[in-house]
Amino acid sequence: MNTPPRLLYYSDAHHYHAKRLDPPLNKHKMRWPIDELVGTGVDMLAFGLGFGDVYFHQTKIGRVVGQEQEVWEHFINWRIMRMVKDAHDMGTDQVREVIERGREMGIPVFPSLKLQDPAPQFQERCGWLKWRHGMEVTLGEGNERYPSHTTEWCLDYTNVVVREHKRALIREMLEDYGAEGIELDFMFFPLYFRENQTESGTQVMTKFVADVRALANEVGYAQDRKIPVMARVWSRRDDNLDIGLDVESWIADGSVDYVVGQIPHSLLDTGVSDGRWLADAANAGGASAYLRPGYRLQDLRANIPNSEMFRAFAHSIHDQGFAGMYLGYLPWPFAEAEYQLLREMAYPETTARLNKRYFLPPTEELQTYVRPDTRPLPIALEEGVTERIPVSVADDVEAAIADGESREAELTLAFQQFCVEDDVALSFNGESLAIERSNIYEPSRGQYWLRWRLDASAVKKGENVLEIGIVKKEPTAGFARTLTGVEVHVRYREFERAESLDAATVAPAS
């Protein structure tokens, strides 16, 4: 691949494939992960290889689903076993069919190898390495960052046996299956060293990634092709360093061609900025960087972001120097909304003058193995205290105004409880906003949306600042007033169809 891909898509091979297949199997069903992407903007598929250390293809190295197991208590896992068995009886397997179909249809497939799994010995998802060697190859101790997981059964990457086993699996994918590249998935269960060995382990992991690069070069030379290596890591530098992943060194050494920053938040934040270091490192080192966004909303209007929010995210990361986006787990089977998204996200240039929603969500309680969420919301407003909230916008609003292509923008504030009788001071980029001039919505008990129409020129490219404070509270209202969301809707003179008279609305509270 001489030109870096613009849009990557990830399928774990079971949630939206193997778990949905009833027997009898046929090759049409097996090729669906590629067929559903043909004609979209996706130009690379990262395809999972199984349950951690147990695989869905006929590997000679690892444990295949169905080995050492005769009875299946879970229906969806039984389905996977039947897929594996039926494919074997047909002389093929899931991975081989997806790779070959991808080559036929022009979508390169990078098998995605999970580098860690905490499954205990002899369990359904335990691979041969732990099955045969037990705790000789594992960390063998708990970790306070993972209080609810059996980290003692995580593979120990200071052990050369572990590293060689993973390299053998990669060699098999590149040599025997002819995969166009390989993804190293460091995110499935991101723990690789005992806490007191993380510093020394960092060098071990850097050497391991370099060895994978050397292996890809060796196989590529023998097969007269270039084989890229991709790594999926945390989007925040310190979260990676905390577990022994010195990603900047991998890039500087030329060990990876593509690097994906996985954002630890599940809620989409269109102005995410803590991954810029990754784009800077990749651009300086001749690699390409991508971001994997959150896929949910904490919003009464929808459970997942719409295309206008993903457009805002795409333009934000493009401005930060990322080569593109890494999507996955979209509602399945794909419908019109998903296909629109898969077209637009590959080419953010085409949506420069389409509406976008720049959205700042509340913080989340993140997984214990990353640093705390530092986003500013939610904010409990206190009397006499002015809060300053930055909202990043990537659109070139001034150019659109000059071309006569802009429309009024909208500012929406979401609250959990709000008192309309408070004396509130509000401004956006220094311009005062009056509560009485807003549209007020209470779609559910205790939740409020306040919305203002703004002149297009009120919004600027870069950091916009919302200031809000309660000058005086209504003394009879003793409850908290909490700001939970901020949205800037940048709007253009789009080509639009007439609106239906029965457009759906948010259901009222019961």
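Modeller: A residue is called partly exposed when its relative accessible area falls between the buried limit, under 20%, and the exposed limit, over 50%. This model is predicted. Arg 453 has a relative accessible area of 48%, so Arg 453 is partly exposed.

Biologist: With which residue does Arg 453 form a salt bridge?

Modeller: The partner is Glu 410, with the closest N and O atoms 2.7 Å apart. Arg 453 belongs to strand β19 (residues 447–454) and Glu 410 to strand β15 (residues 409–416), so the pair ties together parts 43 residues apart in sequence. Glu 410 is buried, at 13% relative accessibility.

Biologist: How far apart in sequence are the parts tied together by Glu 494 and Arg 311?

Modeller: These two side chains form a salt bridge at 3.8 Å, N to O. Glu 494 lies in the segment after β21 (482–490), whereas Arg 311 is in helix α11 (residues 307–319), so the parts they tie together are 183 residues apart in sequence. Arg 311 is buried at 7%, while Glu 494 is partly exposed at 22%.

Biologist: Where do Arg 101 and Glu 104 lie?

Modeller: Both are in helix α4 (residues 94–105), three residues apart, which means that about one helical turn separates them. Arg 101 is buried, at 17%, but Glu 104 is exposed, at 54%.

Biologist: How many salt bridges does the structure hold?

Modeller: There are 40. A network of salt bridges links Asp 299, Arg 301, Glu 308, Arg 357 and Glu 487.

Conventions:
Residues numbered from 1 in each chain as written. Predicted model: local features only at pLDDT ≥ 70, side-chain atom pairs only at ≥ 80, totals over all residues. Heavy atoms only, no water. Salt bridge = Lys/Arg side-chain N within 4 Å of Asp/Glu carboxyl O. Helix = DSSP H or I, 4+ residues; strand = E, 2+ residues; numbered from the N terminus. Buried < 20%, exposed > 50% of the residue type's maximum accessible area, 1.4 Å probe, protein only.
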